[in-house]
Amino acid sequence: NGCTVALCQAGIPLYDTPVAVGLIAVNNQVLLDPNWMEVKGAESRLVFSYLPHLDTLSQAMTVGRLEMALLQEALSMATEASRALYEHSIKPALNAP
């Protein structure tokens, strides 16, 4: 996400402003923005990239096994988190003098 802000502030034209979030699945739960200890014990690791202007997922990467219900929960959580991250962190940084 820092790279996105740096590219935009440098004037590099982008198709959209990508936002990425990381999640893990452990004990039938999805955790957003896990710490290193949580990642080490995870059954699955996931990274999602989201394009806020297009309101679409642009990339997904998973490592490990994951039940479909947990994947759907992870997608929903990643989308909500990406929207919030864009609105409250990235967008203000782009509009800063």
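## The pairing of β1 with β2

In this predicted model, residue A25 stands opposite V30 in strand β2, and this pair belongs to a set of 4 bridges that join β1 to β2, the two strands running antiparallel. The hairpin that these strands make has 2 residues between them, and in this hairpin N27 takes a positive phi near 55°.

## The other neighbours in the sheet

On β3, strand β1 has a further antiparallel partner, to which 7 bridges join it; within this pairing, A20 has S49 of β3 as its bridge partner. Strand β3, which covers residues 44-51, is in turn joined to β4 by 8 bridges, again with the strands running antiparallel, and here S44 is partnered by G64 of β4.

Strands of a sheet pair through backbone hydrogen bonds, either parallel or antiparallel. Taken together, the 4 strands form an open sheet in the order β2-β1-β3-β4, with antiparallel pairing. Because β2 (29-32) and β4 (56-64) stand at the edges and each has a single partner strand, one side of each is left without a neighbour in the sheet. From one strand to the next, the twist averages 25°.

## The helix on the sheet

Helix α3, which spans residues 68-95, packs on the sheet and touches β1 (19-26), β2, β3 and β4, while its direction makes about 145° with that of β1. As for β1 itself, this strand is mostly covered, since 6 of its 8 residues are buried, that is, under 20% relative accessible area.

Definitions and conventions
Residues numbered from 1 in each chain as written. Predicted model: local features only at pLDDT ≥ 70, side-chain atom pairs only at ≥ 80, totals over all residues. Heavy atoms only, no water. Pairing = 2+ DSSP bridges. Axes fitted to C-alpha atoms, helices over the stretch in contact; angles between N-to-C directions. Contact = heavy atoms within 4.5 Å. Buried < 20%, exposed > 50% of the residue type's maximum accessible area, 1.4 Å probe, protein only.
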